[in-house]
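Me: I have a model open and want to go through it with you. Can we start with the packing and then move on to the ligands?

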Amino acid sequence: MVTAQTPTNIAVIKYWGKRDETLILPVNDSISLTLDPSHLCTTTTVAVSSAFHQDRMWLNAKEISLSGGRFQSCLREIRARACDVEDENKGIKITKEDWAKLHLHIASYNNFPTAAGLASSAAGFACLAYALGKLMNVKEDESQLSAIARQGSGSACRSLFGGFVKWIMGKEDNGSDSLAVQLADEKHWDDLVIVIAVKETSSTSGMCESVETSLLLQHRAKEIVPKRILQMEEAIKNRDFASFSQLTCADSNQFHAVCLDTSPPIFYMNDTSHRIISIAEKWNRSEEAPQVAYTFDAGPNAVLIARNRKAATSLIQRLLYYFPPNSDDLSSYIIGDKSIAKDAGINGIQDVEALPPPPEIKDNIPPQKYKGDVSYFICTRPGRGPVLLSDNSQALLNGETGLPK
Ligand SMILES: Nc1ncnc2c1ncn2[C@@H]1O[C@H](COP(=O)(O)OP(=O)(O)OP(=O)(O)O)[C@@H](O)[C@H]1O
Ligand SMILES: C[C@@](O)(CCOP(=O)(O)OP(=O)(O)O)CC(=O)O
């Protein structure tokens, strides 16, 4: 039995469009930032036993079917790379050939909402590939494992590493060169603070329709992204926040423009998303240098990246000014790293009510507030890649029965 923990990630140069739907091969490279797994992560336990009669999986304590093509691809690919496992003390001997006949039990838990626009599929499939790789003594490195996670969900391949990660689209038809590499680890640019404004919605993907109908997508993949990838790599290398912010915002906006250019058009952002963009743009323009970058995936949640802690405290003040909570319970309104709100002088609802309008609001009429339009905020930072949890008390399967605890 093996238990692993894997982070989620947010793309700053987006993946949108596949050239192969089954292998999940993209039409362009993408770059992401891995988020701290102490705030958003998947934990997965995988177990093997000759007493198991079939492959079974439990997600968030409910049994789910493994018959889908994406799960089957991951299981097939990992089994094909399994090696001998021998542990004399535990009396375990499994040969390379045995793995094809043995069945698996898998239990996984996301410490954040599943299928709500927070990239559970990314953390989930990365954790599955990583945990199975360890269980089956797969000798390949994280990049090779990323090519397996990719077949579960494209963005999952980028969760095999911490820090900044690039998914290289690759050229081969069989997908062997479509994998993730680390650009810089999580310590390289650890001033950054991430605030996610969450409005939970179920996610639907219109990626396939975009590929079929959007001319802008073709132009983006061919002409825009290749240059942006180079500029983004340079910005990350130099910790150049002005370029990083400009590229991140422009790429998110272009991805949503592609969605609008799809037939029928796809709208992922809502009024709150648009308001957050305006707040960030207005604030950035009022300062000498950009303080915050924004990016949105296939849903309305805003992912805001502040240049440092000081900017993050100013950001949280602005966000709470415009989007005060519906209830007086701040502890469930700001989750994750609560120290940012404390630094911003926000200890209770009275501090939110006392916040002055942001200085960039020039006219004397206080701007409108949008109470309750954000469900909650998650404060986090750049995070590390997958790890094994060796303490058996953290396992999600019972070692005796092989069933969820
Ligand atoms: N821990 C997990 N282990 C394995 N698979 C998972 C896990 N969590 C989620 N998934 C898979 O991902 C699917 C949800 O992916 P979906 O893309 O709908 O939502 P999301 O990734 O949470 O949000 P979004 O893609 O909009 O950011 C689940 O139905 C399941 O198949
Ligand atoms: C908008 C995105 O978040 C798209 C992510 O798409 P998925 O990885 O969820 O799609 P599949 O490969 O079909 O599983 C941008 C990104 O993460 O790069």
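Me: Leaving aside neighbours within four places in sequence, which residues is Leu304 in contact with?

Reply: Leu304 is in contact with Ile194, Val195, Ala280, Val292, Tyr294 and Leu315. Contact here means that the C-beta atoms of two residues, placed from the backbone, lie within 7 Å. Before going on, note that this is a predicted model, in which local features need pLDDT of at least 70, side-chain atom pairs count only at pLDDT 80 or more, and totals for chains, interfaces and linings use all residues. Residues are numbered from 1 along each chain as its sequence is written, while chains are lettered from A and ligands numbered from 1 in the order in which they are written.

Me: Which residues touch the most other members of the largest nonpolar core?

Reply: Ala129, Val195 and Leu304, out of 114 residues in that core. H2 gives the most to this core, eleven residues. Domain 1 (2-185) and domain 2 (193-380) both give residues to the core, so it lies between them. A nonpolar core is a set of buried Ala, Val, Leu, Ile, Met, Phe, Trp, Tyr and Cys residues joined through C-beta atoms within 7 Å. A residue is buried if 20 or more other C-beta atoms lie within 10 Å of its own, exposed if 12 or fewer, and partly exposed in between, with C-beta atoms placed from the backbone. In soluble globular proteins, nonpolar side chains tend to be buried together.

Me: How far apart are the C-alpha centres of domain 1 and domain 2?

Reply: 28 Å. The contact takes 26 residues from domain 1 and 32 residues from domain 2. On the domain 1 side, strand E2 (9-13) and strand E13 (179-184) each supply at least two residues, and E2 gives the most, with four. The domain bounds come from an automatic or database domain assignment. Helices (H or I, at least four residues) and strands (E, at least two) are DSSP runs, numbered from the N terminus.

Me: And by class, what does the side of domain 1 that touches domain 2 have?

Reply: That side has 17 nonpolar, four polar and five charged residues. Ala, Val, Leu, Ile, Met, Phe, Trp, Tyr, Cys and Pro count as nonpolar, Asp, Glu, Lys and Arg as charged, and the others, Gly among them, as polar.

Me: What does UniProt place at residues 7-180?

Reply: An unreviewed UniProt entry places the feature "domain: Diphosphomevalonate decarboxylase-like N-terminal" there. UniProt positions are given in the numbering used here, feature names are shortened, and annotations may be inferred rather than shown by experiment. Over residues 7-180 the chain is 21% helix and 30% strand, with the end C-alpha atoms 14 Å apart.

Me: Ligands now. Which residues come nearest to ligand 1?

Reply: Ser108, Ser120, Ser121, Gly124 and Ser203, from 19 residues around ligand 1. Strand E11 (103-110) and helix H2 (120-135) are the elements that give two or more residues to this shell. H2 has the largest share, five residues. The shell divides into eight nonpolar, ten polar and one charged, and it draws at least three residues from each of domain 1 and domain 2. A residue is near a molecule or strand if its C-beta atom, placed from the backbone, lies within 6 Å of it.

Me: Which residues are closest to ligand 2?

Reply: Ala11, Tyr15, Ser153, Gly154 and Ser155 are the closest of the 14 residues that surround ligand 2. The shell has six nonpolar, six polar and two charged residues. Ligand 2's shell takes residues from both domain 1 and domain 2, so it lies between them.

Me: Backbone check. Which residues does a cis peptide bond join?

Reply: Ser263 and Pro264, with omega about -5°. Pro264 is in the loop between H6 and helix H7 (271-286). Most residues other than glycine have a negative phi, and most peptide bonds are trans.

Me: What is the phi of Asn60, and of Arg239?

Reply: Asn60 has a positive phi of about 50°, and Arg239 has a positive phi near 45°; neither is a glycine. Asn60 is in the loop between strand E7 (56-59) and strand E8 (62-64), whereas Arg239 is in the loop between helix H5 (215-237) and H6.

Me: Is Glu97 buried or exposed?

Reply: Glu97 is exposed, because 9 other C-beta atoms lie within 10 Å. Glu97 is in the loop between strand E10 (92-94) and E11.
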